[in-house]
Amino acid sequence: MTKPPRKPSKPLLGEADALLRSRPRRRRDPAQPSLPLDPMPDRVEPCLALLKSKPPKGDDWVYEIKWDGYRLSVHVEPTRIRILTRGGHDWTDRFPAIKQAALWLPVGTAILDGEAVVLDERGKSDFGLLQQSLGGRGGKKSSSDAIFMAFDLLYFDGHDLTNSELDMRRRLLEDLVPAGEQGDIRLSEEIEADGDQLLASACEHGLEGVIAKRRDAPYRSGRLGDWLKIKCTQSEGFAIVGYEKSSASFGGIGRLLLAARKGDEFVYVGGVGTGFNQRSAAELREQMDKLIISKPAVDTGRKRNAVFIAPKLVAEIEYRAWTHDGKLRHASYKGLRDAADGATVYERA
């Protein structure tokens with residue numbers, strides 16, 4: 001919350017112990033220029049979190065829970081609401097509940113940065129549930145289940161805040177979206193804690209991980225290290241280059257065949273056969289069967305009952321580690337990433 005003004009040490013008194021009064025207010029000179037306002041940007045490139053293996057040390061950092069959803073910016077403009085994806089696509093109509101909540105915010109103009117999520121029964125964000133609510137990758141459904149977890153404020157009532165330090169932006173955000181409210185726009189609360197202990201607690205509760213932010217940093221677009229992400233498990237996007245058939249599995253998918261980028265080419269990184277349910281597997285199979293090709297895009301080795309597809313679908317894969325020969329270990333399918341969400345394929349060194 002914003003800090004209350006500091007109280008003077010004693011009352012301001014005149015010579016006769018009477019309260020001092022300010023001068024009578026003068027009428028404003030129409031020729032005097034008004035306080036200039038900053039033009040509202042059409043879009044702000046997002047600040048992205050740099051992946052680190054351990055939380056940073058020191059009082060310069062504050063923490064938040066890492067949410068598993070779609071990065072969005074909510075623009076409250078004089079005549080409309082706009083909801084933009086990380087890639088700049090207008091998805092206002094796909095989040096009607098968030099749009100309505102933005103209309104009710106007590107502000108004339110603002111740009112909020114945050115994440116659209118769908119919470120499971122335990123209150124944990126679930127990317128698969130979010131995708132289902134939107135009709136899957138490439139789907140056109142609107143989601144009334146998604147809520148917006150706001151974690152930054154970039155523009156507020158005519159003023160650009162991107163050059164202000166995080167602490168100031170957060171105080172204004174907490175006035176606009178108070179902590180503890182359970183509407184369709186909620187505050188992603190800051191947590192002041194030891195980073196190692198917080199990460200351990202987040203992992204124990206099955207969360208994605210934590211985000212660390214430098215409290216005195218301005219808002220800088222790109223992945224520059226002002227924000228860090230520390231994950232409980234590894235999670236990246238990989239290109240699907242085919243699948244192995246199985247009559248005993250959902251959608252007839254025994255295992256997805258995956259690839260990472262290496263320079264301008266793809267390299268095979270193994271497969272994944274868990275994480276599907278009946279609905280996600282059926283939607284995935286429908287997407288893959290539109291992309292079937294006769295020869296594999298990468299060398300996958302000898303595979304039985306394999307169907308190869310053009311590497312145009314990006315799957316979000318959670319995994320624990322890499323094998324010595326460059327394959328994913330303990331991998332699990334989480335969903336398809338969308339181009340509008342800035343889908344990228346993992347780069348192998």
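Let me start with glutamate 316 and arginine 337, which form a salt bridge with their closest N and O atoms 3.2 Å apart, where a salt bridge is a side-chain nitrogen of Lys or Arg within 4 Å of a carboxyl oxygen of Asp or Glu. The two partners come from distant parts of the chain, glutamate 316 from strand 16 (residues 314-319) and arginine 337 from strand 19 (residues 332-337), and they are 21 residues apart. When I say strand or helix, I mean DSSP runs numbered from the N terminus, with helices being H or I runs of at least four residues and strands being E runs of at least two.

Please keep in mind that this is a predicted model, in which local features need pLDDT of at least 70 and side-chain atom pairs count only at pLDDT 80 or more, whereas totals for chains, interfaces and linings use all residues. Residues are numbered from 1 along each chain as its sequence is written, and side-chain values use heavy atoms, with hydrogens and water left out.

Strand 19 itself is mostly covered, since five of its six residues are buried. Strands 16 and 19 run antiparallel and are joined by five bridges, and two strands are said to pair if DSSP finds at least two bridges between them. Within this pairing, valine 314 stands opposite arginine 337.

Arginine 337 has a further contact, because its charged end sits over the ring of phenylalanine 127, 4.1 Å from the ring centre. The criterion is that NZ of Lys or CZ of Arg is within 6 Å of the ring centre and within 35 degrees of the ring normal. Another contact of this kind has lysine 213 over the face of tryptophan 227, at 3.8 Å from the ring centre.

Let me return to the salt bridges, of which a search of the whole structure finds 21. Glutamate 77 takes part in a salt bridge with arginine 80, the closest N and O atoms being 2.6 Å apart, and its side chain also meets that of arginine 82 at 2.7 Å, N to O. Glutamate 77 is buried, with a relative accessible area of 12%, and arginine 82 is buried as well, at 7%, whereas arginine 80 is partly exposed at 43%.

Next come the aromatic rings. A pair of aromatic rings is described by the distance of the centres and the angle of the planes. Rings of Phe, Tyr and Trp (its six-membered ring) pair if their centres lie within 6.5 Å, and planes under 30 degrees apart count as stacked, over 60 as edge-to-face and the rest as tilted. How many aromatic pairs does a search of the whole structure find? The search finds 11 aromatic pairs. In one of them, phenylalanine 238 and tryptophan 322 have ring centres 6.2 Å apart and planes at 65°, so the pair is edge-to-face. This pair links distant parts of the chain, with phenylalanine 238 in strand 11 and tryptophan 322 in strand 17 (residues 321-322), 84 residues apart. Phenylalanine 238 is buried at 0% relative accessibility, while tryptophan 322 is partly exposed at 26%. Tryptophan 322 also pairs with tyrosine 319, with centres 5.5 Å apart and planes at 70°, so this pair is edge-to-face too, and tyrosine 319 is buried at 2%. Elsewhere, Tyr70, Trp91, Phe95 and Phe127 form one aromatic cluster.

Finally, the structure holds one disulfide, a term for a pair of cysteine sulfur atoms within 2.5 Å. Cysteine 203 and cysteine 232 form this disulfide, with their sulfur atoms 2.2 Å apart, and the torsion about the S-S bond is about -95°, so the disulfide is left-handed. Cysteine 203 lies in helix 4 (residues 195-204) and cysteine 232 in the loop between strand 10 (227-231) and strand 11 (234-245), so the pair ties together parts that are 29 residues apart in sequence. Both cysteines are partly exposed, cysteine 203 with a relative accessible area of 34% and cysteine 232 with 22%.

Terms used. Buried < 20%, exposed > 50% of the residue type's maximum accessible area, 1.4 Å probe, protein only.
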